[in-house]
Number of protein chains: 2
Amino acid sequence: VKALIVHAHPEPTSFNARLLDTAVTTLTEAGHEVQVSDLYAMRWDPVASGADFLERRFPDQLQYDREQKTAVAQRTFRADVAEEIEKVVWCDLLVLQFPLWWYSVPAIMKGWFDRVFVNGLMYGALGRFDQGGMAGRRAMVSTTTGAFPGMVGERGVMGHLDAILWHLEYGTLAYSGFTVLERFVGNAVRYVDDETREGYLPAYADHLRRLEELPVMPTHANAEFGPDFALLPDVEPRTLGHSWSRPR
Amino acid sequence: VKALIVHAHPEPTSFNARLLDTAVTTLTEAGHEVQVSDLYAMRWDPVASGADFLERRFPDQLQYDREQKTAVAQRTFRADVAEEIEKVVWCDLLVLQFPLWWYSVPAIMKGWFDRVFVNGLMYGALGRFDQGGMAGRRAMVSTTTGAFPGMVGERGVMGHLDAILWHLEYGTLAYSGFTVLERFVGNAVRYVDDETREGYLPAYADHLRRLEELPVMPTHANAEFGPDFALLPDVEPRTLGHSWSRPR
């Protein structure tokens, strides 16, 4: 496996950094190749702008996703974006390491997706989900929370973690074609006792060693939707976003 | 009403900018006070770091949320953060204007929440949801998508928009105590005909004029949860994140 780990934490001695180290060691020992994008260390710029393109097809008005498509064809991305795109295309396993901030990734990682997951390569005319550009590759979230497990479980006060991460796991990773593996979560890292927290590291190593057996996030294939873009009537919804209807 | 509109789009002539103008005009004409934070125009820095604090309580290892708490008490935020905090505290209506990128806000706006929604003021020991720091204030999303309505409706291919925006509307706005008003959505802005797109502007103005009648996002009060952090057995879940359980 060629693994790309994208890491976002401002503190080099954080527990997230130790989870990152655990992943690098575990995957390397298992014979996999590993690259790391440590976004804070790289001083990654998360702000998508016209400056991301060495040439502009539409210089008068920025249409970001259309410029991406042109830049894919003409290889005219700014160097920092081009390098990250190359790493994603290289990998067959993408791992995201981050602390959960406001039910999502830190802004520096959101901007990695905004700038690197480009139209014409990860998504676009080629399709999405099972027809996404990254189809056949796998992705996995590894995150830490300030919540106890009951808070992010079924009927938990924060809502289910499947809901919290829907925009990322389904809307970004699965959307681009990745098969999404069961996440690893270190809950309440600030509040558990030292023994529990230290125990997360071997638990994460085990998780990564079981890569081939990890459950996969259910999705729907494009063929299951009708011309009105809705799930065909005889298809039972398998995902959170397809199951929900507002109480009347 | 004192309205703060936070706007995130890299192109000053975008349709999002026209929605922003519509909101400023409509709210002003209705007699409300309006402030705007145009994040791209301000060159807002979305990357949370130790540099956000003029003094550090724990200089050896950055614990971002703990430093926030200290900085609230001692008024030691960097000027750009302090100014935005002041605007949020000033407002009683927060409006977010952005294009939907990867089922979420552009990174520049995610980093506005990371840095401005601080521990000890918007959330923290004081509580969350009905006990959140912003309780009694209202918030509303105004967004544009590249999707047709059926794609983001019930059983739609992208999943329900309530799922897509859960991390923002529930996990950020409601979490901090805001009452979340029904969102305004301009779907498929790139793909609809000119007449339909132009029609979004008066529709948005109408939406804003009906502020007092807009439906409110259902939430659960803290009192509805037990000591295990789960909804009490006799409470019927009202939200997406409390309704979901994984298919077995």
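Modeller: In helix 2 of chain A, the buried residues are Tyr64(A), Glu67(A), Gln68(A), Thr70(A) and Ala71(A). Bear in mind that this is a predicted model.

Colleague: Why do the buried residues of helix 2 of chain A line one face of the helix?

Modeller: Looking down the axis of helix 2 of chain A, you find its buried residues within an arc of 170°, so they line one face.

Colleague: Which non-glycine residues have a positive phi?

Modeller: Phe129(A) is one of them, with a positive phi of about 55°. Phe129(A) sits in the loop between helix 4 and strand 4 of chain A. Phe229(A) is another, with a positive phi of about 70°, and its place is the loop between helix 7 and helix 8 of chain A.

Colleague: Let's change topic to the interface. How many residues of chain A are in contact with chain B?

Modeller: On the chain A side, 73 residues are in contact with 73 residues of chain B. The area buried between the two chains is about 6,200 Å², and carbon and sulfur atoms give 58% of that area. In chain A, the residues that lose the most area to chain B are Trp102(A), Arg155(A) and Trp244(A), together 17% of what that side buries.

Colleague: What about polar contacts and salt bridges between chain A and chain B, how many are there?

Modeller: There are 6 salt bridges between chain A and chain B. Arg246(A) forms a salt bridge with Asp162(B), where the closest N and O atoms are 2.8 Å apart.

Colleague: Which element gives the largest share of the side of chain A that touches chain B?

Modeller: Helix 4 of chain A gives the largest share, 6 residues. By class, the side of chain A that touches chain B has 37 nonpolar, 19 polar and 17 charged residues.

Colleague: Back to salt bridges, then. How many are there over all chains?

Modeller: A search of the whole structure finds 36. One of the pairs is Glu198(A) with Arg18(A), at 2.8 Å from N to O. The pair links distant parts of the chain, with Glu198(A) in helix 7 and Arg18(A) in helix 1 of chain A, 180 residues apart.

Colleague: How accessible are Glu198(A) and Arg18(A)?

Modeller: Glu198(A) is partly exposed, with a relative accessible area of 36%. Arg18(A) counts as partly exposed too, at 34% relative accessibility.

Colleague: Which residues are linked in a network of salt bridges?

Modeller: Asp45(A), Asp52(A), Arg78(A), Asp80(A) and Arg115(A) are linked in one. Within that group, the side chains of Arg78(A) and Asp80(A) meet at 3.1 Å, N to O. Arg78(A) is partly exposed, with a relative accessible area of 25%, and Asp80(A) is partly exposed at 23%.

Colleague: And in chain B, what does Arg183(B) pair with?

Modeller: Arg183(B) meets Glu169(B) in a salt bridge, 2.8 Å from N to O. Arg183(B) is in strand 5 of chain B and Glu169(B) in helix 6 of chain B, 14 residues apart. Arg183(B) counts as buried at 10% relative accessibility, and Glu169(B) is buried with a relative accessible area of 3%.

Colleague: Last one: where is His9(B), and what does its side chain reach?

Modeller: His9(B) is in the loop between strand 1 and helix 1 of chain B. The side chain of His9(B) reaches the backbone nitrogen of Glu11(B) at 3.0 Å, and it makes a polar contact with the side chain of Ser14(B) at 3.5 Å. His9(B) counts as buried, at 14% relative accessibility.

Conventions. Residues are numbered from 1 along each chain as its sequence is written. Chains are lettered from A and ligands numbered from 1 in the order in which they are written. This is a predicted model: local features need pLDDT of at least 70, side-chain atom pairs count only at pLDDT 80 or more; totals for chains, interfaces and linings use all residues. Side-chain values use heavy atoms; hydrogens and water are left out. Contact means heavy atoms within 4.5 Å. Buried area is the accessible area (1.4 Å probe) that two parts lose on being put together, summed over both. A salt bridge is a side-chain nitrogen of Lys or Arg within 4 Å of a carboxyl oxygen of Asp or Glu. Helices (H or I, at least four residues) and strands (E, at least two) are DSSP runs, numbered from the N terminus. Ala, Val, Leu, Ile, Met, Phe, Trp, Tyr, Cys and Pro count as nonpolar, Asp, Glu, Lys and Arg as charged, and the others, Gly among them, as polar. Buried means under 20% relative accessible area, exposed over 50%, partly exposed in between (1.4 Å probe, protein chains only). The arc is that of the directions from the helix axis to the C-beta atoms. A polar contact is a pair of N or O atoms within 3.5 Å; within protein, one must be able to donate a hydrogen and the other to accept it, and residues adjacent in sequence count only if both atoms are side-chain atoms.
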